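I am new to it and would like to know what lies inside.

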Amino acid sequence: MRIKILFVFIVISSVCKAQYSFSGYTNPEEWDKSVYLSIVDDYRKMAGVYSEQIIAKTTADSTGYFEFKGNILDFDNRIYRIHVDRCSDDKQGVNHFNGHCSDSEALLFIAKNTDTLKLPFSFGKQIFCEVESNNPKANAFLKIDSLKNDMRFAYGEFRSEANRRLNNKKWFKTLQSYGETLNEPLAELYIFTYLSERSSDLHSYYIEDLKNNDYYDNLKARLEQSYPNTLYTKQYKNELEADRYMLENSSGKTNSNLNVLLYSFLALSLILNGFFLFRYWKQNKSKIEDLKAKLSKQEQVVLEHLLMDKTNKDIAESLFLSVSTVKTHTNNIYRKLNVQSRDDAKSLFTK
C-alpha cells in the first residue's frame, strides 16, 4: 500500500513540475528583439503570422538569446510557431493583415508541455535552421521543408511543361509517402495542406487521388486515434467531406447552379471552421481579461511574473520592489482571484 502511495506521489509531483522550455538565438543585427510564440490550431494557417495565434512574447538579450518557459501548454503534441520580424508594435496589424508578413522569419515545430527545444545559430548566424529537442518529432516540419527544397531543385533543371507534369506526379506521391514514414499525423497534415492547396499545381492530382486512394481515410483514422476531439481532426474531417461531396456531384456535366451550390457548401465549411476557432480564442481571451481586470496594474505585472514561475526574489529584482511588497501583491492576487496557491492561479489562465 505504501509503495502504491509513493508511486502516485511521484507521478503527481512529476506532472506538477513539468514545464516546457523553448530557447534559441536570433540575430540582433537583423531582427527586432521581440520574439513570439504561437499555437497553430488551424492547419491552413501554418504559413504566415496571425496575431490571434500568439500565446507568449519575450525579448531577446543583446546576444540574441531568448527563452519561453512555463507549464501552460497541452500535455499532448500540438503545432507551435516561433517567429521574429521587423514590424513595430503599432504597425503589426497592418503588416500582418490576413497572415501575410514579407519581413519575418518563423519556425514551425511539434511540441508539448514537457518538452525542451533549442534553436542554435547555424552557419553564418542563420536562425531557425536547426532544432534540438527531447521530442523526436519536433523537427518533422524541417525535414519536410528540406524535401520540398529538393523538389524545387528538380523542377528547376528543365523549365518545360513536360518536365513539370512528370515532377508533379512524382513528387505528389513522394511527399505523401514520406509523411507516412514520419509516423506523426500532424506532419502528414503539413504535407496534406501543401498537396491539397487549391492554388497549387498539385491540387488536380489530389482530386484524382481522392477518388480511389484509401490514404485519406487512413489519415483520418490516425488523427482520430492520436488526436481525438482536437480542432485538427475536426477540420480535416470537414474538409474531406466537403471535397468528396464536390467530387460526387461534379462527375459528368454539371450546370452552373450546381457549381454554385458546391462551392457555397465548401465556403460554408471553411467559414464554420474559422468561426469555431475564433469563438474558442475569443472566449478564452475574454475570460483571461475579466480575471486580470480584478487586479491593479501592479498586481497584473506581478501576476505575469508568477505565471513564468519566477520566485518572489526574482520578481522583486525585476520590478525593483522589496520581497515583502511582492508577497503583499501576491496575497492580494490570491484573494481577488479566490485561489490558494500559484498552481491554482495558473490553472485559471491555462484551461
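In helix H5, the buried residues are Pro-185, Leu-186, Ala-187, Glu-188, Leu-189, Tyr-190, Ile-191, Phe-192, Thr-193 and Leu-195; buried means under 20% relative accessible area, exposed over 50% and partly exposed in between, with a 1.4 Å probe and protein chains only. Because 10 of the 11 residues of H5 (residues 185–195) are buried, this helix is largely enclosed by the rest of the structure. Helices (H or I, at least four residues) and strands (E, at least two) are DSSP runs, numbered from the N terminus. This is a predicted model, in which local features need pLDDT of at least 70, side-chain atom pairs count only at pLDDT 80 or more, and totals for chains, interfaces and linings use all residues. Residues are numbered from 1 along each chain as its sequence is written, and side-chain values use heavy atoms, leaving out hydrogens and water.

The largest nonpolar core has 37 residues; such a core is a set of buried Ala, Val, Leu, Ile, Met, Phe, Trp, Tyr and Cys residues joined through side-chain atoms within 4.5 Å. H5 gives the most to this core, with seven residues. Phe-141, among the residues with the most contacts inside the core, touches Leu-186, Ala-187 and Tyr-190, among others, not counting residues up to four places away in sequence; contact means heavy atoms within 4.5 Å. A second, separate core of 23 residues includes Phe-22, Leu-37, Ile-82 and Leu-119.

As for confidence, the protein chain averages a pLDDT (the predictor's confidence in each residue, from 0 to 100) of 82. Over residues 8–16, pLDDT stays under 50.
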